[in-house]
Amino acid sequence: MTPLMFKDAFWGSEFTCHAGYDAVIHRLQDGRQVCKDVEELLKMRALAEEKYGKELVSIAHKAGGHSEIGTLNTSFQQLKAQIENIGNFHIHISDILKEEVKKIETFRERQKEQRKKFQSIMDKVQKKKVSLYKKTMESKKNYELRYREAEEVEQGAEKMIPSSKNPDKIRHKAKQCRQTANEAEKLYFTNIVLLESVRQDWEETHKSTSESYEEVRTTLEQCDITADINCFIEMKSTGRRPPDPILFESCYQAEASGNTNGQTPFEERGNGTMGRSDMKETSLLLRSDFPLTTTVNIDEDSLQNSQSALTFADEFSLSDTPSAENSDEGYAPLPGPLNAASLATTLPEDSYVALYEYTAQEGDELSVSRGDIVRVLERGEDGWWKVDRNGLAGLVPGNYLGKI
């Protein structure tokens, strides 16, 4: 039987839908209840075995027959000895069952702590994704509204200028509306880029968390692991692929084909606005931290002359080469193949690189940033590794690290 994987079966078509993850969490809670039920069953069986064994031992001790002689006395004493042995055997079985109950309790509590840690990480990532999604949708609505207002003002101004006594005032108003629309467009595009980064972080966290949850069942002995997991996935599966990213939708693309002369009367170059006559279709190849799957129209002259646009271009570099300056403000890009090869020749064999940022939540944990180089001191069976970073030691999730 081909094993199915949690990470491939619990996606949703909606961007903010977490039904698949909720199904896995609900299953873990059901499994915790089953552990409690097994504990109760074994406890009752242990009490019954202990009671029965003690009664047999008591019967053997109370039995008489001391006045009998000869071979009959020998047989009677042998019978009492066997009854006492059987009683002691049942008491021993009771002790074994009690030990098994303790093991199940330890297993259940350990899984509870593991679930809380991973659930806490997932909850934070999901809340961040939903919050940024709402912010992005609001900026999109504002962008579309400002764009329509700018179009209406420019069209009205074009008709009013020939008969107006103060055409400069009309031009200024139209220019302000266009600048407001351009600022709304930049904000919308920025939120789209940030949302894509959060979406990728959530997707990777979802996969790693699902893989950790999937290992829970493999610790139970004498179970058909593949059959149980396949049965659960087939019953509760919510989707085979993650939701598509939210793409930047430029209003200028829709207007490009309808513009007969390719110009608007009140567009000026070098003033930080993005007029239609200056628009060029440019495919922005973002760095590996924020990969988008669509091309975006950006005013090249506006980005060069506007201070805010320059800041934006510096924040999301168009170069594929990782920048060390980004390490203090966000996820630092991981070293490329050539850098990894050079690091491998100079660093110890137990050196790893942090694939994701992690903030310590307990006193024995260690905070790491994406791209940090750490040395693994101990690999815990529960998935938490003890590492050393610049003389500081603590625990981090092992699936957050990658071998150099």
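This is a predicted model: local features need pLDDT of at least 70, side-chain atom pairs count only at pLDDT 80 or more; totals for chains, interfaces and linings use all residues.
**The chain as a whole**

Residues are numbered from 1 along each chain as its sequence is written, and side-chain values use heavy atoms, with hydrogens and water left out.

The protein chain has 8 helices and 7 strands; these are DSSP runs numbered from the N terminus, with helices being H or I of at least four residues and strands E of at least two. Take the contacts in the protein chain with a separation of 6 or more: 73% of them come from residues 24 or more positions apart. Contact here means heavy atoms within 4.5 Å.

**Helices α1 and α2**

Two packed helices are described by the angle between their axes and the distance between the axes. For helix α1 (residues 19-62) and helix α2 (residues 70-160), the axes come within 7 Å and cross at roughly 165°. That makes α1 roughly antiparallel to α2. The axes are lines fitted to C-alpha atoms, for helices over the stretch in contact, and angles run from 0 to 180 degrees between N-to-C directions. Angles under 35 degrees count as roughly parallel, over 145 as roughly antiparallel, 65 to 115 as roughly perpendicular and the rest as oblique.

As for handedness, α1 and α2 make a left-handed crossing, meaning the near helix is turned anticlockwise from the far one by less than a right angle (clockwise would be right-handed). In the contact of α1 with α2 you'll find 21 nonpolar, 9 polar and 17 charged residues. Ala, Val, Leu, Ile, Met, Phe, Trp, Tyr, Cys and Pro count as nonpolar, Asp, Glu, Lys and Arg as charged, and the others, Gly among them, as polar.

**Buried residues in the helices**

Now for two residues of helix α1. E50 sits in this helix and counts as buried, at 18% relative accessibility. Its side chain and that of K98 are joined by a polar contact of 3.1 Å (a pair of N or O atoms within 3.5 Å; within protein, one must be able to donate a hydrogen and the other to accept it, and residues adjacent in sequence count only if both atoms are side-chain atoms). Setting aside neighbours within four places in sequence, E50 is in contact with H90, I91, S94 and K98. I25 is in helix α1 too, and it is buried at a relative accessible area of 7%. I25 and Q119 are 94 residues apart in sequence, yet 8.3 Å apart in space, C-alpha to C-alpha.

Over in helix α3 (residues 167-218) there's N191, buried at 3% relative accessibility. Not counting residues up to four places away in sequence, N191 touches K135, T136 and S139.

**Two exposed loop residues**

R240 is in the loop between α4 (225-236) and α5 (251-256), and is exposed with a relative accessible area of 55%. R240 and A9 are 231 residues apart in sequence but 4.8 Å apart in space, C-alpha to C-alpha. Beyond residues up to four places away in sequence, R240 touches D8, A9 and W11.

N390 belongs to the loop between β5 (384-389) and β6 (392-397) and counts as exposed, at 73% relative accessibility. Most residues other than glycine have a negative phi. Phi of N390, however, is positive, near 55°.

Conventions: Buried means under 20% relative accessible area, exposed over 50%, partly exposed in between (1.4 Å probe, protein chains only).
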